[in-house]
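Dear colleague,

I am handing over the structure we spoke about, with the sequence alongside. Please open it first and keep it in view while you read the notes below it.

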Amino acid sequence: ADVVLMQEVAAHGTCSAACVAGAELGLASIYAPGHQQDGGTSGVAILARYPLRDVSVIELPYLSTVVNSARRVAVAATLDGHAGPVRVIATHLDNRVNPADRVRQLAPVLAHAQAWAGPVVIGGDMNTSPFMWLGHVVPVPAGTQDDRLERAVRAAGLDTPVAASGATSQWLGMRLDAIYTRGLTPGRFGVEQTVRISDHLPLWLDARLGAATAVAAAP
C-alpha cells in the first residue's frame with residue numbers, strides 16, 4: 001500500500017506503534033494521540049511511501065457514551081505523490097452513538113476536506129454498527145448508521161467508493177470502516193478476510209490520482 005490509515009494506535013514514550021512500523025518498513029509516519037490508555041496514549045496515524053507535510057490534528061466533538069468516553073481526533077497531512085499533492089485524513093469515531101451524533105462528530109473532518117482545494121482521502125473506523133443506542137448502552141437493531149453517514153459525506157462533495165465492501169468486522173457482519181474520496185478515480189476495493197490482528201478486518205481501495213501513466217506503478 002502507498003498509504004495506510006490506522007486507528008487505536010498505542011504509544012508509550014516518544015515513538016508510537018505507527019512510528020515503529022514506519023521505521024521497520026521505511027515509511028513516513030505521523031501520529032496524533034487522542035486519549036490516555038494503559039499508561040500511554042491511543043490515537044490515529046498515517047503511514048505513507050511519500051513525504052507527509054502540513055500536519056493538522058482535528059478535534060472532534062466530545063460525546064459522552066457512559067462507558068469508555070474519550071477524546072476523539074483525526075489527523076490530516078498532505079502527501080506529495082508522483083501526480084501531485086493529496087490531503088489524507090485518518091479518523092476514528094465513537095461507538096454507541098446514534099446517526100445524528102455520528103454525523104456531527106465527522107463534521108469537522110468534512111469541513112477540513114472542503115477547505116482543501118485538491119484531492120482528498122478520508123478513512124478510518126466510523127463505528128457504523130447497525131444499531132440505535134438507548135442511553136448509549138442498550139443496542140436496538142436498526143440498520144441505518146452507515147447509510148445516514150454516507151449521505152452526509154456525499155452532501156459534502158465526497159464520494160463513497162467502498163460502500164459495497166461488506167463486513168469489516170469479525171462480529172455480526174458489521175460494516176464499521178469506510179474510505180471516502182474526492183478528486184481521485186477509484187478502482188478495486190476489498191476487505192482482507194485472512195488478516196486477523198484486531199476485531200476489525202483491513203479495508204483497502206485502489207485509486208488513481210491524476211493521469212494514469214503518472215501512477216501506473218503505484219496505484
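The model is predicted, and local features need pLDDT of at least 70, side-chain atom pairs count only at pLDDT 80 or more, while totals for chains, interfaces and linings use all residues. Residues are numbered from 1 along each chain as its sequence is written, and side-chain values use heavy atoms, with hydrogens and water left out.

To begin with the sheets, helices (H or I, at least four residues) and strands (E, at least two) are DSSP runs numbered from the N terminus, and two strands are said to pair if DSSP finds at least two bridges between them. Five strands, in the order β4-β5-β6-β7-β10, form an open sheet with mixed pairing. Its edge strands are β4 (52-59) and β10, each of which pairs on one side only. Ignoring direction, neighbouring strands of this sheet are turned by 15° against each other on average; here axes are lines fitted to C-alpha atoms, for helices over the stretch in contact, and angles run from 0 to 180 degrees between N-to-C directions.

Within this sheet, strand β5 (residues 73-81) pairs with β6 in the antiparallel sense over eight bridges, and a hairpin of two residues joins β5 to β6. Gly81 stands opposite Gly84 in β6. The pairing of β6 with β7 is parallel and runs over six bridges, with Ala90 opposite Gly123 in β7. From β6 the chain crosses through helix α2 (residues 99-115) to β7, and this β-α-β crossover is right-handed, a term used if, with the strands pointing away from the viewer, the path from the first strand over the helix to the second runs clockwise. Another bridge partner in β7 is Val121, which pairs with Val88. Helix α2 packs on the sheet and touches β4, β5, β6, β7 and β10, its direction making about 175° with that of β6; contact means heavy atoms within 4.5 Å. Eight of the nine residues of strand β6 (residues 84-92) are buried, so β6 is largely enclosed by the rest of the structure, where buried means under 20% relative accessible area, exposed over 50% and partly exposed in between (1.4 Å probe, protein chains only).

There is also an open sheet of three strands, in the order β1-β3-β2, with antiparallel pairing. Because β1 (3-11) and β2 (28-37) stand at the edges, each with a single partner strand, one side of each is left without a neighbour in the sheet. The twist in this sheet averages 20° from one strand to the next. Strand β3 (residues 40-48) and β1 pair in the antiparallel sense over seven bridges, and Gly43 in β3 is the bridge partner of Val9.

Asn127 lies in the loop between β7 (120-125) and β8 (131-134), and its relative accessibility of 8% makes it count as buried. Leaving aside neighbours within four places in sequence, Asn127 is in contact with His92, Leu93, Asp94, Asn95, Arg102 and Leu176.

Grid points are joined across faces, edges and corners, and a volume is the space filled by probe spheres set on the points.

The structure holds one cavity of 30 Å³ or more, and its lining includes Met126, Thr128, Asp146 and Arg175. The elements that give two or more residues to this lining are α3 (145-155) and β10 (177-182), and β10 gives the most, with three residues. Asp146, found in helix α3, is buried, with a relative accessible area of 17%. Not counting residues up to four places away in sequence, Asp146 touches Thr128 and Arg175.

The largest pocket has a volume of about 1400 Å³ and is lined by 43 residues, of which Val3, Val4, Leu5, Leu203 and Trp204 lie nearest its centre. At least two lining residues each come from β1, β5, β6, β7, β10 and β12 (203-208), and the largest share, seven residues, comes from β1.

With best wishes

Notes
On a 1 Å grid over the protein atoms alone, a cavity is a set of points where a 1.4 Å probe fits but cannot get out, and a pocket is an open set with protein on both sides within 12 Å along at least five of seven lines; lining residues have an atom within 4 Å of a point.
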